[in-house]
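Dear colleague,

Please find the structure below, handed over for your files. I would be grateful if you read the notes after it with the model open.

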Amino acid sequence: MELSCVVLNDLHPSAFVATAREAEGAGLRTVFSYDHLSWRDLRDGPWYAAVPLLTAAAAATGRVRLGTLVASPNYRHPVPFAADVMTLDQVSGGRFELGVGAGTSAHDAAVLGLPALTPRQRQDRFEEWTLLLRTLLSQRRTDARGEHYTAVDARSIPGPVGGRVPLTVAAAGPRGMRFAARTGDAWVTYGEGEPGDGDPVEDAIARFTAPAARFAAVEGSAGVRRLALLGLDERGAYADYPRFAAALAGAGFDEVVVHWPRPDGRGLPSGRLEQVLGTHR
């Protein structure tokens with residue numbers, strides 16, 4: 001399996017870029033950022049936009065891939081967002097990974113004063129948004145009219161470096177998994193459930209292998225990359241990371257995404273960094 005990381009957007013842009021370069025030097029595959037307007041208990045502190053941060057990192061690195069994990073339709077229209085994605089992909093020389101998800105009803109959905117949507121409505125909107133975004137990024141001119149979005153003679157010139165941008169789709173339920181298998185180059189899961197009272201490593205393994213088994217049963221999922229995103233406050237996986245990683249590899253995961261070590265102690269513990277890096281070398 002390959003190893004990637006999330007670098008949270010509360011870092012000043014210069015520190016974000018320095019951290020991306022550090023992750024590149026450590027041999028990680030991808031540096032992701034969260035595409036939110038603010039996030040959970042970090043809402044009252046600094047928070048920088050994902051696309052400019054990743055663009056700055058793209059200009060300062062040469063190998064590591066860069067991506068969103070994940071962008072959603074909560075505050076993004078596919079036409080201007082496609083222009084941002086294309087530009088970022090050009091700056092990176094084709095190293096951009098577009099992670100997308102339906103979004104929740106949290107702050108990103110409420111900040112614009114829009115009405116709350118049901119989970120089904122969010123998935124309907126997400127599928128239309130994703131398909132239009134993919135179309136915009138794969139052709140020079142697009143006209144489309146859907147229930148949620150319209151594009152009138154939208155241009156994407158010169159387009160992505162390789163003609164398209166890899167798409168990673170977050171999905172948990174049956175409908176979302178079917179859409180991810182049908183649409184994505186990769187699928188990402190945050191795991192499921194909360195830590196229990198048993199062995200912390202086995203508990204962490206179970207929270208990821210259960211959704212992996214369900215995704216493996218979805219028609220069309222065989223050729224789709226599988227990413228396991230460890231939460232910011234995950235602890236169980238690091239108690240015996242080689243055992244955890246071996247179990248995830250056996251479950252079919254291609255990539256583990258950790259939160260890069262942070263001064264506040266959350267994410268990958270700095271004392272475990274070398275062990276985790278060594279497991280993936």
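The notes below cover a helix, a group of strands, one serine and some backbone features.

This is a predicted model, in which local features need pLDDT of at least 70 and side-chain atom pairs count only at pLDDT 80 or more, while totals for chains, interfaces and linings use all residues. Residues are numbered from 1 along each chain as its sequence is written, and side-chain values use heavy atoms, with hydrogens and water left out. Helices (H or I, at least four residues) and strands (E, at least two) are DSSP runs numbered from the N terminus.

Helix H3

Helix H3 spans residues 78–92, which is 15 residues. From its first C-alpha to its last it reaches 20 Å, close to the 21 Å expected at 1.5 Å a residue; the expected span is 1.5 Å times one less than the number of residues. Buried residues (under 20% relative accessible area, with exposed over 50% and partly exposed in between, for a 1.4 Å probe and protein chains only) in H3 are Pro78, Phe81, Ala82, Val85, Met86, Leu88, Asp89 and Ser92. They lie on the same side of H3 because they cover an arc of only 165 degrees around the axis, taken from the directions from the helix axis to the C-beta atoms. These buried residues pack against helix H2 (50–60), strand E3 (65–71), strand E4 (96–100) and helix H5 (119–136). Just after H3, Gly93 has a positive phi of about 70 degrees.

Strand E7 (residues 167–170) runs parallel to E8 and is joined to it by three bridges; two strands pair if DSSP finds at least two bridges between them. Trp187 in E8 is the bridge partner of Val169. Between E7 and E8 the chain passes through helix H6 (residues 174–183) in a right-handed β-α-β crossover, meaning that, with the strands pointing away from the viewer, the path from the first strand over the helix to the second runs clockwise.

E8 also pairs with strand E9 (residues 225–229), in the parallel sense and over four bridges. Here Thr189 stands opposite Ala228. The crossover from E8 to E9 goes through helix H7 (residues 200–216) and is likewise a right-handed β-α-β one.

Ser4

Ser4 is in strand E1 (residues 2–6) and is buried, with a relative accessible area of 0%. Its side chain reaches the backbone nitrogen of Thr30 at 3.1 Å. The side chains of Ser4 and Glu255 are joined by a polar contact of 2.5 Å, that is, a pair of N or O atoms within 3.5 Å; within protein, one must be able to donate a hydrogen and the other to accept it, and residues adjacent in sequence count only if both atoms are side-chain atoms.

Backbone features

Two cis peptide bonds may be noted. One runs from Leu69 to Val70, with omega near 0 degrees, and Val70 lies in strand E3. Another runs from Ile157 to Pro158, with omega near 10 degrees; Pro158 is in the loop between strand E6 (150–155) and E7.

Arg40, although not a glycine, has a positive phi of about 45 degrees. Arg40 lies in the loop between strand E2 (30–33) and H2 and counts as exposed at 64% relative accessibility.

With kind regards

Technical notes: Contact means heavy atoms within 4.5 Å.
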